[in-house]
Amino acid sequence: MMRLLAAIGATVLAALAAIGRIAIFTAQALSHLFRPPYYPREFAVALLQIGYFSLPVVGLTAIFTGGALALQIYAGGARFSAEAVVPQIVAIGMVRELGPVLVGLMIAARVTSSIAAEIATMKVTEQIDALVTLSTHPMKYLTLPRILAATLAVPVLVGVGDIIGIMGGYLVGTERLGFNAAAYLTNTVDFLEARDIISSLVKGAAFGFIAALMGCYFGMNSSRGAMGVGRATKSSVVAAAVLILAANFILTEAFFTL
Amino acid sequence: MIELSNVTRSFGSNHVLRGINLTVEKGQSLVVIGGSGSGKSVLIKTILGLVEIDSGTITVDGVDVSRAPRDAFLARFGMLFQGGALFDSLPVWQNVAFRLLRGSLKRPRDEAREIAIEKLRRVGLGPEVADRYPAELSGGMQKRVSLARAIAAEPEIIFFDEPTTGLDPIMSGVINDLIREIVTEMGATAITITHDMSSVRAIADTIAMLYAGKIRWHGPVAQMDTSGDPYLDQFIHGRAEGPIPAIR
Ligand SMILES: Nc1ncnc2c1ncn2[C@@H]1O[C@H](COP(=O)(O)OP(=O)(O)OP(=O)(O)O)[C@@H](O)[C@H]1O
Ligand SMILES: [Mg+2]
């Protein structure tokens, strides 16, 4: 019994300590926003890597999800003769929840892992130490550009994902389920509110921030050797995914229940 | 002038530095020798603040390094890492010119590139390697690129961690001459770690031998052969028999 309590206590303490370390890391990273020098080139590269090169995977994820969503809503709606709500529910489902969450998770898979692996490798091969000896602060040079780029690029990706997801629903709706094309679009546009779209983009920014932050944090704190790189990558993706889902719940609560 | 007094550092139960006292005069070339794993790399990293010390003090020109303004302090240093530590995402010339492309020493891109190519030439590499990536070079070439990077901004104090390891004898000679030249012509202060006794004689003004976490012997290179210290003698002659055990 005592041993069980001790184990629970130790786990809780470790978790709290980790949260504290991540909070300190975040504060340190953000403090460099206000302290030059800045590295615009690094920022541009990060923007390209995180934003532009994620477009294909975001598009593919969204179009299939939007299509499947339309099929399910149609099938479910048919049970109480509400098939007509497909455009509205697809729009709301994509924009409010599925768009941001799926893009967030894809970014965690694609961006968080690559940031963590890259920075961890730099750490174990002494490249981070070399940066320091070349008068370059690793937080300014590596962390801040990536966090900033992700926070700005992921909302755009979410916006694109929302639109492509709705397109997926539209294609299925008009080609397979017999909806009128013009009516489908009007229903979608009329039904969405500004709040839906704002929440979608805010979620995107939050998820981008979390994804890049976790990659940087676990990369910077990786232990030595190839195993350290592997562990940092795995932990960063798990942490990013869990935090994104938790943040999604909190943001949904904040936007739609008040 | 670099001064270490009673510097200690442990990793868990591994007491690597157990009270280091060492002085390097300005413009002097010190070579640190010592067995593999004796803490030579850790020693020079403590001076740069890359490895924190447990106790003791390190001063550069009388200023405690833990209190010196970090940027101005680091701007005076160059360091060649034992493993090279090249940025593998950047081409060779951008590695060499890293400092010249950003921060307080920033120059126009063309000029930085020219300086990089000139530094590469000094370590025996032609301009054709400038646009390659570090992963496309051999180990010895990477080491030389890293050396070029360390000297590119003409720092006052330079640390070389095994600059000639992995190089052929001719290239080792070139690098030894280069290090000597940097010290005599540019008046730089250098600390070099090496296992190669011919490098020691070519580069050193003074020699410090690290053993069991302390400076076992410290003196001018001319006295190295007549020190009468059995540890130093065993080391410089590479004998298996002697006071230093083979398994450490
Ligand atoms: N980051 C670290 N964590 C734990 N132990 C370390 C760390 N860095 C160095 N050590 C230990 O400190 C000791 C000295 O290491 P160091 O790299 O300074 O040796 P060295 O004298 O440079 O050896 P070599 O000639 O082989 O390069 C070794 O026992 C090493 O295991
Ligand atoms: Mg070493």
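Reply: In this predicted model, 8 residues of domain 1 of chain A are in contact with 10 residues of domain 2 of chain A. Domain 1 of chain A covers residues 1-31, and domain 2 of chain A covers 39-256. Their C-alpha centres lie 27 Å apart.

The size of an interface is often given as the accessible area lost when the parts come together. For the two domains of chain A, about 790 Å² is buried between them, and 85% of that area is on carbon and sulfur atoms. On the side of domain 1 of chain A, the residues that lose the most area to domain 2 of chain A are A:Ile22, A:Phe25 and A:Ala29; together they make up 68% of what that side buries.

Between the two domains of chain A the count of salt bridges is 0. The count of residue pairs in polar contact there is 1, with both residues at pLDDT 80 or more.

Chain B also has two domains, and one of them is made of two stretches of sequence: domain 1 of chain B takes in 1-76 + 156-248, while domain 2 of chain B is 86-154. The C-alpha centres of these domains of chain B lie 25 Å apart. Here 18 residues of domain 1 of chain B are in contact with 10 residues of domain 2 of chain B. The area buried between domain 1 of chain B and domain 2 of chain B is about 1,200 Å², and carbon and sulfur atoms give 66% of it. On the side of domain 1 of chain B, B:Met171, B:Leu178 and B:Met186 lose the most area to domain 2 of chain B, together 32% of what that side buries.

Between the two domains of chain B there is 1 salt bridge. The side chains of B:Glu181 and B:Arg122 meet in a salt bridge, at 2.6 Å from N to O. The interface between the domains of chain B also has 3 residue pairs in polar contact, both residues of each pair being at pLDDT 80 or more.

The next interface is the one between the chains. There, 16 residues of chain A are in contact with 21 residues of chain B. About 1,600 Å² is buried between chain A and chain B, with 59% of it from carbon and sulfur atoms. Across this interface there is 1 salt bridge. B:Lys45 and A:Glu126 meet through their side chains in a salt bridge, with 2.4 Å from N to O. Chain A and chain B also have 4 residue pairs in polar contact, both at pLDDT 80 or more.

That leaves the ligand. Ligand 1 is surrounded by 14 residues, and the closest are B:Ser36, B:Gly37, B:Lys40, B:Ser41 and B:Gln82. A polar side-chain atom of B:Ser36 lies 2.7 Å from an oxygen atom of ligand 1. For B:Lys40, an N or O atom in the side chain is 2.7 Å from an oxygen atom of ligand 1. With B:Val42 the backbone takes part: one of its polar backbone atoms is 2.9 Å from an oxygen atom of ligand 1. On its own, ligand 1 has 630 Å² of accessible area, and the protein covers 64% of it.

Technical notes:
Residues are numbered from 1 along each chain as its sequence is written. Chains are lettered from A and ligands numbered from 1 in the order in which they are written. This is a predicted model: local features need pLDDT of at least 70, side-chain atom pairs count only at pLDDT 80 or more; totals for chains, interfaces and linings use all residues. Side-chain values use heavy atoms; hydrogens and water are left out. Domain bounds come from an automatic or database domain assignment. Contact means heavy atoms within 4.5 Å. Buried area is the accessible area (1.4 Å probe) that two parts lose on being put together, summed over both. A salt bridge is a side-chain nitrogen of Lys or Arg within 4 Å of a carboxyl oxygen of Asp or Glu. A polar contact is a pair of N or O atoms within 3.5 Å; within protein, one must be able to donate a hydrogen and the other to accept it, and residues adjacent in sequence count only if both atoms are side-chain atoms. A residue is near a molecule or strand if one of its heavy atoms lies within 4 Å of it. Accessible areas come from the Shrake-Rupley method with a 1.4 Å probe; for residues, only the protein chains shown count as cover.
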